[in-house]
Amino acid sequence: MAPVEAEQHPRRSLALAAHNASGRLSPTRISRRDTGDDDVAIQILYCGICHSDLHTIKNEWKNANYPVVPGHEITGLITEVGKNVKKFNVGDNVGVGCMVNTCQSCESCEEGHENYCSKIIFTYNSHDRDGTVTYGGYSDMVVVNERFVIRFPDGMPLDKGAPLLCAGITVYNPMKYHGLNEPGKHIGVVGLGGLGHVAVKFAKAFGMRVTVISTSPEKREEAMEMLGADAFVISSDANQMKAVKGTMHGILNTASASMSMYSYLALLKPHGKMILLGLPEKPLQISAFSLVAGGKTLAGSCMGSIRDTQEMMDFAAKHGLTADIELIGTEEVNEAMERLGKGEVRYRFVIDVGNTLSAASLASSPVPAL
Ligand code: NAP
Ligand code: ZN
């Protein structure tokens with residue numbers, strides 16, 4: 001019989017895991033590998049909650065390997081370094097994002113776009129090189145190859161900086177590669193959630209004009225006054241949408257649910273680009289006419305390389321750019337997931353793992369037998 005998750009590896013760890021498509025998270029014991037020669041061990045202090053965590057624990061993408069321990073916006077302190085480790089020392093503030101390994105030899109890896117390696121190992125719900133399933137940051141510690149660890153610049157807080165490890169790089173990367181980071185250009189941001197709100201902040205830091213396209217009228221004031229957006233339109237209001245028709249060089253589409261693309265693509269100038277970042281469960285509806293007329297481009301983008309993630313993190317630190325977060329304890333995580341599903345978060349939940357995930361919290365909840 002295969003060893004249970006709590007005994008597969010030598011090091012004992014605590015985690016929050018979902019055990020089925022209800023997505024309900026409960027305290028669980030897991031195990032982690034020993035620190036290898038190229039690895040660092042990290043004491044996890046904070047972990048952001050990405051909508052991808054919610055899609056995965058509810059098995060909306062039909063790929064969940066239960067038990068799922070989500071979390072790919074991980075920050076903490078290095079507690080141990082392997083003998084070949086050069087970049088880090090014990091005590092360093094670091095982060096881990098969406099991936100923990102790649103093949104390191106394919107064209108994508110060699111070109112520095114290892115986020116597109118076909119053998120990518122995601123931080124959770126993926127098969128590691130030894131065949132075991134990877135567990136993410138809703139947990140007290142993790143062991144990661146140093147190449148996939150991000151240095152936290154001085155002054156970048158570990159709580160408000162955590163969401164940059166997924167939400168931040170996911171919006172920064174397409175802005176950089178599609179020329180949507182040039183001062184004076186007009187960018188649209190569809191969906192003002194975790195990704196969307198940091199997209200507004202990066203676009204303003206690049207000196208761009210930013211329009212938020214939202215389904216939530218109550219976010220208008222915050223978008224303009226707190227996040228610095230220049231305009232805010234409600235996607236269901238035909239007059240508001242008409243007022244910005246044909247004005248945008250690019251749109252970052254972060255919506256987590258399926259939509260008809262017609263009215264959104266109409267906002268682009270000729271040769272404008274819409275970059276899909278959201279990963280809804282159901283297909284999008286799109287007419288060829290809305291792209292062909294105007295020579296528009298529809299593209300996708302998936303997180304970013306480690307080099308670009310470090311660049312993004314350093315840029316954010318230089319500009320004092322962090323996420324707006326609601327810090328929660330582990331006992332609030334199921335309620336947080338419900339609120340995330342309803343679009344009620346302002347604008348990223350971050351779990352205070354260091355202070356609230358402990359053997360005591362585990363003892364007060366029934367531990368599922370895996
Ligand atoms: P989030 O915080 O829940 O934000 C998503 C936003 O989408 C909501 O706040 C809402 O904004 C908008 N939205 C929801 N339903 C909509 C609908 N029916 N039509 C139009 N807009 C709708 O989620 P997130 O963490 O930012 O993630 C967003 C999506 O990106 C998820 O699907 C996630 O899996 C995906 N993702 C992709 C990558 C990647 O590498 N490509 C990385 C991370 C996440 P308004 O209230 O303003 O309308
Ligand atoms: Zn994410």
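This dialogue goes through a predicted model, taking the surroundings of its ligand and then some features of its backbone.

Me: What should I know about the model and its numbering before I start?

Reply: Residues are numbered from 1 along each chain as its sequence is written, while chains are lettered from A and ligands numbered from 1 in the order in which they are written. Since this is a predicted model, local features need pLDDT of at least 70, side-chain atom pairs count only at pLDDT 80 or more, and totals for chains, interfaces and linings use all residues, and side-chain values use heavy atoms, with hydrogens and water left out.

Me: Which residues come nearest to ligand 1?

Reply: A residue is near a molecule if one of its heavy atoms lies within 4 Å of it. Around ligand 1 there are 29 residues, of which Ser214, Thr215, Ser216, Lys219 and Arg348 come nearest. The shell divides into 13 nonpolar, 14 polar and two charged residues, where Ala, Val, Leu, Ile, Met, Phe, Trp, Tyr, Cys and Pro count as nonpolar, Asp, Glu, Lys and Arg as charged, and the others, Gly among them, as polar.

Me: Which helices each supply at least two residues of that shell?

Reply: Helices (DSSP runs of H or I, at least four residues) and strands (runs of E, at least two) are numbered from the N terminus. The helices in question are H1 (51-57) and H4 (194-205), and H1 gives the largest share, three residues.

Me: What polar atoms lie 2.8 Å from an oxygen atom of ligand 1?

Reply: A polar contact is a pair of N or O atoms within 3.5 Å; within protein, one must be able to donate a hydrogen and the other to accept it, and residues adjacent in sequence count only if both atoms are side-chain atoms. Here a polar side-chain atom of His55 lies 2.8 Å from a ligand oxygen, an N or O atom in the side chain of Ser52 is 2.8 Å from one, and a polar backbone atom of Gly194 is also 2.8 Å from one.
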